[in-house]
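Here are my notes on this model. Please read them beside the structure.

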Amino acid sequence: MNSLKTTINLDNNYYMKILDNNNDLPLDVINVENINIINIIKKRYFLLKIDFDCLNKNLYKKILKRLLFIKRIILKNRIEIGVSENSKKLLGYIINYDKNNIEQNNFILGINSIFYDNRYQRYNNIYDTVCKYLDNHFYGKNLCDFKDSKCGEKRNTTSTIGCCHHYRNKLLGPLISHNLTPCKYLTENYTCGAQCISCKLFTCDYLEKKGIKFKIKDILLLDTFFNPIQKYFIKYMVFTPKEKILKRLMIL
Ligand code: SF4
Ligand code: SF4
């Protein structure tokens, strides 16, 4: 998704126009917080209005969930979504938008994911978007305080692979030794070859002492579009490649 001055381009060929006020709006736009499905079916017309001055951010999740539900009904009734314009589709209008407002941008990311063709594509988009956000935090801001290949938590140890390892039990006669084994997805240049969202969400004691903790309920896309069981797997499927996690999410 990329933002221009007067339009926001979404995926799947959709875009939204940014307006300064309500005066330039077509009369029959549908307010995103107050959608009447009966009217849409009667008029067979769907063009959205999102006015951030009127939207309560505490309701973003509820509004997005409802919009996803309504989009399914619209598709079942074979009603066209948006209006075709120059080989693209105008999905609607955004008013009182502040491009630096993270919550508003997250809401628009939610709108973007709703209008994917199917559930797998939506999950794939959400997965990549959240991973990118987490990578920007971890790598972009060096949250783990890597220095000379050692992270903050492992500063006084010999480990140079952060937390990308697990213990493997080895039988030595009657004894069991615990070997620290690097994760098989760790690449030669110490990056993750698995794009594992659960690992990216993990925060150790060192990070938590710094006040850094990623909670699924604080990430609008994850909190809105996944059910409690899916959220459990998103949190705990560490050491697992993206494809396996998506596959699991699809059957839950
Ligand atoms: S999460 Fe903690 S243990 Fe893992 S790399 Fe970061 S600082 Fe190190
Ligand atoms: S899957 Fe997890 S533990 Fe393995 S390399 Fe990726 S981030 Fe590290």
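1. The protein chain splits into domain 1 (2-115) and domain 2 (130-250); these bounds come from an automatic or database domain assignment. The model is predicted: local features need pLDDT of at least 70, side-chain atom pairs count only at pLDDT 80 or more, and totals for chains, interfaces and linings use all residues. Residues are numbered from 1 along each chain as its sequence is written, with chains lettered from A and ligands numbered from 1 in the order in which they are written.

2. The C-alpha centres of the two domains are 35 Å apart. Eight residues of domain 1 contact five of domain 2 (contact: C-beta atoms, placed from the backbone, within 7 Å). On the domain 1 side, α2 and α3 each supply at least two residues. That side has three nonpolar, three polar and two charged residues.

3. Helix α2 (residues 60-76) packs on helix α3 (residues 102-114) at about 15°, axes 10 Å apart. So α2 is roughly parallel to α3 (angles under 35 degrees). The crossing of α2 past α3 is right-handed.

4. From α2, Tyr-60, Leu-64, Leu-67, Leu-68 and Lys-71 meet Phe-107, Gly-110 and Ile-114 of α3. By class, this contact has six nonpolar, one polar and one charged residues.

5. Around ligand 2 are Cys-164, Cys-183, Tyr-185, Leu-186, Cys-192, Ala-194, Cys-196, Cys-199, Val-238 and Phe-239 (C-beta atom, placed from the backbone, within 6 Å of the ligand). The shell has ten nonpolar, no polar and no charged residues. Cys and Tyr count as nonpolar here, Gly as polar.

Technical notes: Axes fitted to C-alpha atoms, helices over the stretch in contact; angles between N-to-C directions. Helix = DSSP H or I, 4+ residues; strand = E, 2+ residues; numbered from the N terminus. Parallel < 35°, antiparallel > 145°, perpendicular 65-115°, else oblique. Left-handed = near helix turned anticlockwise from the far one by under 90°. Contact = placed C-beta atoms within 7 Å.
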